[in-house]
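Colleague: Hello! Could you show me how to read the features of a protein model, one at a time?

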Amino acid sequence: MPFIVVALAVLLLLAGLGWLVHWLLIRTEGVFLGRRVVVWLYDLAATRYDAIKRYDPDTESAFVTWPLARRVKQVALESGTTPDVLDVATGTGRLPFFLLAEPTFAGRVVGLDASAGMLAQAAAKLAGHGDRAAFVHALAGDLPFADDTFAAVTCLEALEFLPDDAAALREMARVLRPGGVLLTTRRQGPESGYFLGRARARDDLEALLAALGLSDIRSQPWQVEYELVWAVK
Ligand SMILES: C[S@@+](CC[C@H](N)C(=O)[O-])C[C@H]1O[C@@H](n2cnc3c(N)ncnc32)[C@H](O)[C@@H]1O
């Protein structure tokens, strides 16, 4: 075989391998390589995560934490219980950070994540809030809390990274108090196609939430890549 053909074949093979590695590690953040790889990648990115995301406080409040604080307050008033919130796959504590800045929020937030690196960032960022913010190193599919514990459970930008989103949502519904609010996100937009079998269609996710016994399910426009999805237990 002429040298040029062999060289071209090797180049094509290397380009294909490079594309595959890029797709597996960067585009889809390790989801097709298993939970340990996903968590390892988040551990590696933890110190850079907030700088990459650059969340805008006004947008966070307007779409997520102000409406959430209002609903949590209502749940607590109606049930005579504490307005405590669990944030599953909390990462660097995005939801706890902005929720505790809401003047109407009077409860505590527990952030749970499988990445110790992401949790370390969250704990450092929220240290000034004392026992109003707590962090737990655990898996979304096995929440270490009793049934009916929280006034709200949130899980932002994470369902598509979990090995079994249905099992995780079942756990979230279990630890939610009757009347409590679930707030999660659905991956959408051009890049959702990379997450083959992981990014659910709107009807599919809403049907799953209904099958878990949740009601008042409402999908709300949010970002190009994500829709917000609200539900009540
Ligand atoms: C895109 S980040 C979202 C973080 C945060 N919710 C936010 O909106 O900024 C996804 C998070 O899911 C966490 N994660 C991935 N798999 C997990 C699992 N099986 N259990 C718990 N957390 C997990 C990762 O460690 C990471 O912090």
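Modeller: Gladly! This is a predicted model, and we can begin with a helix lying on strands. Helix H3 (residues 57-79) lies across S1, strand S4 (150-155), strand S5 (176-187) and strand S7 (226-232). With S5, helix H3 makes an angle of about 165 degrees.

Colleague: Which strands does H5 touch when it packs on the sheet?

Modeller: H5 touches S2 and S3. The direction of H5 makes about 170 degrees with that of S3.

Colleague: Now the sheet itself, please. What is the order of the strands in the open sheet?

Modeller: The general idea is that strands of a sheet pair through backbone hydrogen bonds, either parallel or antiparallel. Here, seven strands form an open sheet in the order S3-S2-S1-S4-S5-S7-S6, and the pairing is mixed. At the edges are strand S3 (133-137) and strand S6 (215-221), each of which pairs on one side only. Ignoring direction, neighbouring strands of this sheet are turned by 15 degrees against each other on average.

Colleague: How many bridges join S1 to S2, and do these strands run parallel or antiparallel?

Modeller: Strand S1 (residues 85-88) and strand S2 (residues 109-113) run parallel, and four bridges join them. To find your place in the structure, look for Leu86, which stands opposite Val110 in S2.

Colleague: What about two helices, how do I describe those?

Modeller: Two packed helices are described by the angle between their axes and the distance between the axes. Take H2 and helix H5 (residues 116-125): their axes come within 7 Å and cross at roughly 25 degrees. Angles under 35 degrees count as roughly parallel, so H2 is roughly parallel to H5. On the H2 side, the contact is made by Tyr42, Asp43, Ala46, Thr47 and Tyr49, and on the H5 side by Ala116, Gly117, Met118, Ala120 and Gln121. Sorted by class, this contact of H2 with H5 has six nonpolar, three polar and one charged residues.

Colleague: Last one: how is the chain divided into domains?

Modeller: The division gives domain 1 (3-33) and domain 2 (53-232). Their C-alpha centres lie 36 Å apart, and four residues of domain 1 are in contact with five residues of domain 2. On the side of domain 1 that touches domain 2, one residue is nonpolar, one is polar and two are charged.

Methods
Residues are numbered from 1 along each chain as its sequence is written. This is a predicted model: local features need pLDDT of at least 70, side-chain atom pairs count only at pLDDT 80 or more; totals for chains, interfaces and linings use all residues. Axes are lines fitted to C-alpha atoms, for helices over the stretch in contact, and angles run from 0 to 180 degrees between N-to-C directions. Helices (H or I, at least four residues) and strands (E, at least two) are DSSP runs, numbered from the N terminus. Angles under 35 degrees count as roughly parallel, over 145 as roughly antiparallel, 65 to 115 as roughly perpendicular and the rest as oblique. Two residues are in contact if their C-beta atoms, placed from the backbone, lie within 7 Å. Ala, Val, Leu, Ile, Met, Phe, Trp, Tyr, Cys and Pro count as nonpolar, Asp, Glu, Lys and Arg as charged, and the others, Gly among them, as polar. Domain bounds come from an automatic or database domain assignment. Two strands pair if DSSP finds at least two bridges between them.
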